[in-house]
Every structure is written in C-alpha cells, then in structure tokens.
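Me: I am new to this structure. Can you walk me through how to read its features, one at a time?

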Amino acid sequence: MSDRAAGAKACLLALAVLPWVLAGTAQARDGRLLATGGASTVEGSAGGGIVPWATLAGYGERGQSGGTAFLTRVEARDYALDAFGAAYAWNNRFELSVARQRLDIGSLGLPLRALEQDILGAKLRLAGDLVYGDLPQVSLGLQYKRNRDFTLPGAVGARDRDDLEPYLVASRLFLAGAGGRHLLLNLGVRGTRANQMGLLGFGGDRRDRREWVLEGSAAVLVNPRWAVGLEYRQKPDNLGFAAEHDWWDAFVGWFPNKHVAVVAAWADLGDIAGQPGQRAAYLSLQWSY
Amino acid sequence: MRRARPTLAAIGLALSLAIAGCATPAPTRSTYDGLGGTPGIEAIVEDLLWRILEDARINRHFADADIPRLHRLLVEQICAEAGGPCVYSGESMEASHAGRQITEAEFNALVEHLVDAMEARQVPVAAQNRLLARLAPMRGDIIRR
C-alpha cells in the first residue's frame with residue numbers, strides 16, 4: 001500500500017470515528033426536525049445525493065451550530081466513485097464543506113488508475129425556511145473544485161484544472177403536501193464549466209463558456225424516518241472526445257435519528273468518457289452532530 | 001445535455017402536487033378520527049405534556065403553567081384544528097406566548113414531542129401530517145414574542 005493510500009485510509013477512519021465522539025458531547029445542536037438535515041451530496045454540500053438543498057448541514061437551528069461527515073460510494077459498470085468529506089454550519093445561516101472525490105478508472109486500461117478532485121464549498125441561507133412561513137428556504141452556494149492531477153483531463157481537451165461554481169437553490173417541505181405525506185421539493189440553478197462534475201476538468205475544446213444548468217429533486221416522506229424520491233441534474237457537454245449526459249437517480253433515505261442518515265439510490269449517469277450507459281448503485285452514510 | 005429528460009416531467013408533476021398541497025388544508029373529520037377522536041386527543045396531549053415536562057430543553061417554559069388547564073385547552077385546540085366538534089376557548093397564540101421568547105429550536109422540540117406522542121398512539125401518518133400542517137402556520141405567533 002502506498003503512503004498516499006495509507007494516508008487516505010487513516011483519514012477515512014478518523015472521519016468515520018470523529019462524529020461518534022462528538023455526538024457524545026454535543027449539546028443543543030438538534031433544533032431542526034428529523035430528516036430536514038438531509039444527507040450529503042457527492043460534492044460535500046448538504047442536500048440529497050447529486051443535488052444540493054437550500055438547507056444547511058446538520059440539525060442546528062438559529063443559535064446553534066452543527067456538522068456532518070459522510071462517505072459515499074457509487075458503483076457503475078466501468079467506474080466507481082468514492083467521495084468523503086465533512087461540513088459545518090453556523091447559526092442555521094452559513095455552511096462550509098470540504099470533500100474529496102476519487103473516480104476509479106482502472107477498467108479503461110490506462111496507466112492512471114483514478115481521477116481525483118477536492119471540493120471546498122460555502123453556502124449562505126439568504127431567506128425563508130424549509131418548513132415555516134411564506135417563503136421557501138433560499139440559499140446561495142459556491143463550490144471551488146480542483147483536480148489533483150490534470151494530466152488526463154488536459155489530454156482529453158479540458159481547459160482548466162480548477163473552477164468556481166455558484167449555485168442558487170430553493171427548498172420547501174410541504175406538510176401533508178402529497179396525499180397526507182410531507183413533500184420536499186428542491187430547485188436550483190448552477191453556473192458551471194465542469195466536465196463530469198469536474199473530475200474531467202473544466203471547460204473544453206467543444207465549449208468553454210460557463211453554462212447555467214438546472215438541478216432539482218422531489219421526495220416524499222413516507223413516515224417521519226423514511227423518504228423516497230427522484231433527483232435530476234443537467235450537465236454541460238464541453239468535451240469533443242466523448243458525450244456527457246444529464247444525471248438522474250431514484251433514492252430511498254433512512255433517518256433513524258439525528259446522528260445517522262443512510263441513502264441508497266439507483267442512478268443513470270449516461271455515457272462517461274466514451275463508456276456508454278453507466279447505470280450505478282449509490283450508497284451514502286452520513287453522521288451528524 | 002443531449003438526451004430527453006423524462007424525469008423533468010416527474011418533477012413537474014411533483015411541483016403541481018405541491019401547489020395543490022401548498023395552501024393550509026381544510027380540516028377534515030378524517031384527521032380527527034385518525035387521532036382517535038376526543039379520547040385519543042386527550043391521551044396524546046397527556047403524553048405530550050409528560051414529554052415536555054421531562055425535557056430539560058423546554059420545561060422551564062412550563063414551570064408556572066396550570067397543567068390541567070393547559071391540557072384542556074390543548075385538547076380543545078387540537079380537536080378543533082383536526083375538524084372535530086370542539087371550540088377552542090383559550091387566548092390567541094400571540095397573547096399566550098407574549099414575552100416568553102420561545103426559540104425556533106424550542107418550538108421544534110415541542111413539535112417533535114407531538115410527533116412522538118402520535119407515533120406512540122399509532123396515529124396514521126396522514127392524520128399526523130395533516131394536523132402538523134394545520135398547526136405550522138401558528139409558529140410565527142409563537143416564537144420570539
């Protein structure tokens with residue numbers, strides 16, 4: 001095992017253990033309702049799986065702070081994506097997040113085994129509330145993404161190894177909004193030049209301008225602890241060597257308490273780097289404190 | 001973005017569902033029945049009050065409360081909001097919470113105890129949710145007063 005792999009393993013272990021330690025000492029960070037903490041997106045921001053919500057990480061209300069840590073694995077026919085990271089939110093107003101993604105491309109037979117990127121995120125709640133009052137919760141987010149190694153993205157036509165992505169998202173939980181079940185809706189717009197979320201760099205030979213894409217999700221809370229739903233995310237298509245497709249998934253979320261969330265999904269990721277029809281199983285674990 | 005987007009239709013459907021569910025739902029007798037009628041509501045409120053009084057996060061707000069009176073008024077209020085044959089005889093939410101400085105987190109703690117009390121009584125989820133939808137608009141008159 002290389003030093004780097006060993007370091008990553010140790011980091012994962014620390015991430016997995018830390019929240020349990022903190023959970024034991026946490027005070028008054030559970031002001032929001034069960035399930036409204038949501039999960040962690042593969043980019044580290046609080047939300048669903050591939051679409052962020054306007055809500056902030058954890059369960060902190062006004063006057064409280066709290067955070068999350070997550071591990072996610074997405075397994076498709078020709079690829080596997082691992083993501084892990086953490087987020088912290090202050091006063092139910094401002095969230096910072098950090099995440100690393102590693103896309104295993106071993107099946108392509110290239111000398112390079114994986115593409116990796118780091119993502120730093122910030123999210124500011126501008127107005128409204130997820131559940132109460134007249135306005136949905138509206139948040140403005142910013143993600144800074146950077147490839148750890150730009151050799152392959154550069155070779156297939158990507159222009160930049162890093163970029164900033166702003167997004168605006170509105171979220172609302174409609175109480176008893178779907179046949180007596182609570183209904184959660186999220187709709188967002190993102191300014192992006194990312195190729196495959198940034199794992200293949202930013203901008204391309206075919207197109208290099210920032211594009212405004214839509215992303216949305218809908219979920220029904222079957223009961224206070226279980227949610228089922230759909231997510232949809234438009235994506236740019238900047239690289240000439242291979243087409244890139246929009247993503248969507250169907251998910252089940254389990255929120256046994258305010259410290260743990262488990263999300264399982266089936267995702268259609270379309271073609272990725274010339275490999276067609278990447279349908280994937282998705283599993284994400286999140287700890288909140 | 002070279003492909004059709006069947007799921008946008010699904011999201012659109014969900015949106016229209018939401019618009020339908022956006023307005024505060026009218027009270028229906030089924031919510032009252034789902035709560036187990038007046039005897040069911042009495043048991044839920046009793047359980048709720050026990051949970052509140054045992055919760056160190058919020059019980060200080062009830063230290064000087066006349067619990068039997070509070071029980072009677074909460075039963076009246078929930079019964080009326082659920083479409084049952086009751087009339088709420090207490091003060092407005094605004095008046096009864098004036099000066100108490102209830103926080104968002106404290107409000108949510110009470111809502112969670114109500115959900116737990118309904119779960120303990122095996123109230124159907126739809127009846128639970130419809131009651132919550134009736135009570136949620138009161139939040140603005142309750143917190144930070």
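Me: How many helices and strands are there in chain A?

Reply: Start with the secondary structure. In this predicted model, chain A has two helices and 14 strands.

Me: What share of the residues in chain A is buried?

Reply: Burial is read from relative accessible area, and under 20% counts as buried. Of the 289 residues in chain A, 58% are buried. The accessible surface of chain A is about 11,000 Å². Carbon and sulfur atoms hold 62% of that surface.

Me: And which contacts in chain A link residues 24 or more positions apart?

Reply: Take the contacts with a separation of 6 or more. In chain A, 59% of them are between residues 24 or more positions apart.

Me: Now salt bridges. How many are there over all chains?

Reply: Look for a side-chain nitrogen of Lys or Arg within 4 Å of a carboxyl oxygen of Asp or Glu. The count over all chains is 34. One of them pairs Glu165(A) with Lys145(A), at 2.9 Å from N to O. Glu165(A) sits in strand β8 and Lys145(A) in strand β7, so the pair ties together parts 20 residues apart in sequence.

Me: Are Glu165(A) and Lys145(A) buried or exposed?

Reply: Both are buried.

Me: Where do Asp237(A) and Arg206(A) lie?

Reply: Their side chains form a salt bridge, 3.5 Å from N to O. Asp237(A) is in the loop between β11 and β12, and Arg206(A) is in the loop between β9 and β10, so this bridge ties together parts 31 residues apart in sequence. Asp237(A) is buried, at 6% relative accessible area. Arg206(A) is partly exposed, at 48%.

Me: Which residue of chain B pairs with Arg225(A)?

Reply: Glu119(B) does, with the closest N and O atoms 3.1 Å apart. The pair crosses between chains, from the loop between β10 and β11 of chain A to helix α6 of chain B. Arg225(A) is partly exposed at 28%, and Glu119(B) is partly exposed at 25%.

Me: Which residues do shared partners join into one network?

Reply: Follow the shared partners from bridge to bridge. Glu43(A), Lys145(A), Glu165(A), Arg190(A), Glu215(A) and Arg233(A) are joined into one network of salt bridges.

Me: Last topic, disulfides. Which cysteines form one?

Reply: Check the distance between sulfur atoms. Cys79(B) and Cys86(B) form a disulfide, with their sulfur atoms 1.9 Å apart. A search of the whole structure finds one disulfide over all chains. The link is right-handed, with 75 degrees about the S-S bond. Cys79(B) is buried at 0% relative accessible area, whereas Cys86(B) is partly exposed at 23%.

How values were computed. Residues numbered from 1 in each chain as written. Chains lettered and ligands numbered in written order. Predicted model: local features only at pLDDT ≥ 70, side-chain atom pairs only at ≥ 80, totals over all residues. Heavy atoms only, no water. Disulfide = S-S within 2.5 Å. Buried < 20%, exposed > 50% of the residue type's maximum accessible area, 1.4 Å probe, protein only. Helix = DSSP H or I, 4+ residues; strand = E, 2+ residues; numbered from the N terminus. Contact = heavy atoms within 4.5 Å. Areas by Shrake-Rupley, 256 points an atom, 1.4 Å probe, with all protein chains shown as cover.
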